[in-house]
Amino acid sequence: MADGSMAGSVSLKGKVSEEEWRARVELAALYRLAALYGWDDMIYTHISARVPGPEHHFLINPYGVWFDEMTASALVKIDTDGNILDETPYHINAAGFTIHSAVHMNREDAHYVMHLHTDQGAAVAAQKEGLLPLTQHSLIVLPRLTYHDYEGVAVNLDERERLVNDLGPTSNLMILRNHGTLALGQTAGECWNGMFYLERACKMQVMALSAGRENVLLSPVPARREASNLARRAGPGGSLAWPGALRKLERESPGYDA
């Protein structure tokens with residue numbers, strides 16, 4: 001599939017449950033949004049969703065389809081071991097599901113999981129101090145942020161336990177050191193909102209540090225505490241911004257819901 005023409009060519013609407021179709025549409029929207037904001041890495045990195053229901057089934061991208069051509073019908077349904085469950089012309093990057101399966105299986109609230117390799121996210125992931133309390137965006141992110149040390153390409157299933165331990169029971173944002181960023185959410189909107197703030201905070205830090213570490217102004221400690229308390233009270237957010245994100249897709253990248 002050199003040109004991506006097969007992506008979503010056979011619609012699954014009406015052939016899967018309404019709940020699964022809704023999850024497919026929202027996951028495809030996350031892929032399109034990541035591309036729209038320049039956060040994709042060709043066919044690499046992944047965004048996944050848990051299929052509603054008692055089975056431990058998940059949706060993930062077909063390997064080889066670019067994010068800006070992703071559709072609800074093209075997404076591949078798999079189990080916790082990455083086995084493909086339904087007939088599809090595609091295969092998946094099993095190594096890519098190592099990180100996602102760890103989060104999905106161990107956090108009941110992880111209905112959507114997004115992992116990226118953006119320039120700014122990877123840049124901050126390579127900085128010793130990690131994300132600094134430089135901006136209001138970073139102060140919103142920091143109370144919900146954890147870190148996981150780099151162990152190489154995620155093909156070792158043993159890494160899943162360490163990653164989950166580092167993520168903890170309540171964090172919904174993570175920096176994978178020397179690697180990239182990760183966000184999870186109970187809804188697609190929560191996942192998107194968390195990643196949006198994390199990526200913006202990383203971009204702002206990279207820009208600020210162009211002046212040199214000695215020339216940046218860290219936020220005052222009392223302001224950090226106030227922002228942290230506010231962020232905890234507000235929760236992950238996303239419910240207000242998500243409908244607007246979908247409207248933006250309808251204007252600029254239609255067809256994701258096919």
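**View 1. S48 stands opposite V113 in strand β4.** This is a predicted model, in which local features need pLDDT of at least 70, side-chain atom pairs count only at pLDDT 80 or more, and totals for chains, interfaces and linings use all residues. Residues are numbered from 1 along each chain as its sequence is written, and side-chain values use heavy atoms, with hydrogens and water left out. Helices (H or I, at least four residues) and strands (E, at least two) are DSSP runs, numbered from the N terminus. Strand β1 covers residues 46–50. Four bridges pair β1 with β4 in the antiparallel sense. Two strands pair if DSSP finds at least two bridges between them.

**View 2. Strand β4 is mostly covered.** The strand spans residues 112–116, and five of its five residues are buried. Buried means under 20% relative accessible area, exposed over 50%, and partly exposed in between (1.4 Å probe, protein chains only). In a regular strand the side chains alternate between the two faces of the sheet. Y112, M114 and L116 point one way from β4. V113 and H115 point the other way. Strand β7 (residues 180–185) runs antiparallel to β4, and five bridges join them. Here V113 stands opposite L184 of β7.

**View 3. Strand β6 is covered on both faces.** β6 holds residues 173–176. On one side, L173 and I175 are buried. Strand β5 (residues 145–148) pairs with β6 in the parallel sense, over four bridges. T146 has M174 in β6 as its bridge partner.

**View 4. β6 and β7 form a hairpin.** The two strands pair in the antiparallel sense, and four bridges link them. I175 stands opposite T181 in β7. Three residues lie between the strands. In the turn, N178 has a positive phi of about 60°.

**View 5. Helix α1 is largely enclosed by the rest of the structure.** The helix runs over residues 18–36 and has 19 residues. It reaches 27 Å from its first C-alpha to its last, close to the 27 Å expected at 1.5 Å a residue. The expected span is 1.5 Å times one less than the number of residues. Why is α1 largely enclosed? Because 15 of its 19 residues are buried. Just after α1, G38 takes a positive phi of about 75°.

**View 6. One cavity of 30 Å³ or more turns up in a search of the whole structure.** On a 1 Å grid over the protein atoms alone, a cavity is a set of points where a 1.4 Å probe fits but cannot get out, and lining residues have an atom within 4 Å of a point. The largest cavity has a volume of about 60 Å³. Volume is the space filled by probe spheres set on the points, with grid points joined across faces, edges and corners. Its lining includes I99, Y150, L163 and R177. H148, D149 and H179 are also among the lining residues. The lining divides into four nonpolar, three polar and four charged residues. Ala, Val, Leu, Ile, Met, Phe, Trp, Tyr, Cys and Pro count as nonpolar, Asp, Glu, Lys and Arg as charged, and the others, Gly among them, as polar.

**View 7. C191 and C202 are both buried.** The structure holds zero disulfides (pairs of cysteine sulfur atoms within 2.5 Å). The sulfur of C191 has its closest cysteine sulfur in C202, 15 Å away, so it is too far for a bond. C191 has a relative accessible area of 0%. C202 also has a relative accessible area of 0%.

Terms used. On a 1 Å grid over the protein atoms alone, a cavity is a set of points where a 1.4 Å probe fits but cannot get out, and a pocket is an open set with protein on both sides within 12 Å along at least five of seven lines; lining residues have an atom within 4 Å of a point.
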